Amino acid sequence: MDTPLSPLQTEQFDHDGYLVLKGMVTPTACDLMLSVAHEHLRTAVAPIEYEADVGYAGAPASRDAPGGKTARRLRDAWHRHACFRLWAEDRRLTSILRALFGEPVCITLAHHNCVMTKHPDFGTATGWHRDIRYWSFDKPDLVSVWLALGPENAHNGGLKVIAGSHRFEIGRHQLDDLDFLRPDVADNQPLFARGVSLDLDKGDVVLFHSGLFHAAGRNDSSAVKTSVVFAYHGASNAPVAGSKSALAGSVAL
Ligand SMILES: O=C(O)CCC(=O)C(=O)O
């Protein structure tokens with residue numbers, strides 16, 4: 001694709017730190033990914049990260065507690081099934097990322113690389129954070145790619161974002177030990193007030209910069225919410241030697 005994004009879309013991504021691409025993935029491709037995810041959830045195909053492992057507020061205390069085996073992430077989507085890999089290396093997507101990074105791109109096999117689920121029971125909310133907390137790279141400059149396999153909104157725990165927050169200077173006192181924005185800090189209140197919920201339909205894709213603050217609520221619907229999430233970096237942006245990002249490896253696309 002010669003011009004994968006319009007100048008306006010490129011400007012939106014730079015300015016807001018995120019960009020929604022409506023209907024990028026066909027319902028057929030989404031349904032295949034959904035059916036594989038459901039089967040892997042049903043038969044508990046490893047590796048799985050459970051709500052109890054994530055340990056967010058309200059999560060079951062252990063895997064043996066009620067709801068402790070509620071899946072949060074079907075990890076390693078890249079190796080899990082070809083349908084996820086096909087999406088991760090979709091030429092339309094990689095040309096967009098190449099244009100945004102201004103160089104060839106790699107996918108990191110460290111966080112995210114997963115199918116993310118949010119269950120009505122025991123699925124927990126996620127506080128405001130920047131995804132860069134998951135990785136160690138020379139530059140804090142990755143892009144997460146979130147594919148909605150069904151509707152996502154404020155009711156079922158969809159993403160909320162603070163536009164432009166990838167450029168905000170944040171003081172250490174605003175963050176907790178895990179780099180979440182502290183709900184009790186006065187300086188954070190104007191940031192929270194700027195948060196908006198994204199309304200996504202099946203096949204919609206959100207690209208967001210690893211510096212963008214985002215969060216998500218609980219799932220108050222009756223259906224599991226399922227999304228596929230990968231992250232990418234420019235080929236010249238190397239993982240820090242010895243870090244989890246380096247150990248997990250990246251694949252050049
Ligand atoms: O679905 C959620 O709760 C938010 C997920 C998220 O932002 C993350 O895991 O980094």
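Visitor: Which element gives the largest share of the lining of the second largest pocket?
Guide: Keep in mind that this is a predicted model. Two helices, α1 (7-16) and α6 (91-101), each supply at least two residues of that lining. The largest share is three residues, and the element they come from is α1.

Visitor: What volume does the second largest pocket have?
Guide: Let's look at what lines it first: T10, F13, D14, G17, L100, F101, D141, V143, H166, R167 and H209. By class, they split into four nonpolar, four polar and three charged. The volume of this second largest pocket is about 170 Å³.

Visitor: And the largest pocket, which element gives the largest share of its lining?
Guide: The largest pocket holds about 400 Å³ of space. Its lining has 16 residues, with R75, A110, H111, Y134 and K244 nearest the centre. Both β3 and α8 (244-248) supply at least two lining residues each. The largest share, three residues, comes from α8.

Visitor: Which residues lie nearest the centre of the largest cavity?
Guide: About 180 Å³ of space lies in this cavity. Strands giving two or more residues to its lining include β3 (71-75), β5 (114-118) and β12 (225-234). The lining has seven nonpolar, seven polar and five charged residues. Out of those 19 residues, the ones nearest the centre are R72, M116, T126, W146 and A216.

Methods: Residues are numbered from 1 along each chain as its sequence is written. This is a predicted model: local features need pLDDT of at least 70, side-chain atom pairs count only at pLDDT 80 or more; totals for chains, interfaces and linings use all residues. Side-chain values use heavy atoms; hydrogens and water are left out. On a 1 Å grid over the protein atoms alone, a cavity is a set of points where a 1.4 Å probe fits but cannot get out, and a pocket is an open set with protein on both sides within 12 Å along at least five of seven lines; lining residues have an atom within 4 Å of a point. Grid points are joined across faces, edges and corners, and a volume is the space filled by probe spheres set on the points. Helices (H or I, at least four residues) and strands (E, at least two) are DSSP runs, numbered from the N terminus. Ala, Val, Leu, Ile, Met, Phe, Trp, Tyr, Cys and Pro count as nonpolar, Asp, Glu, Lys and Arg as charged, and the others, Gly among them, as polar.
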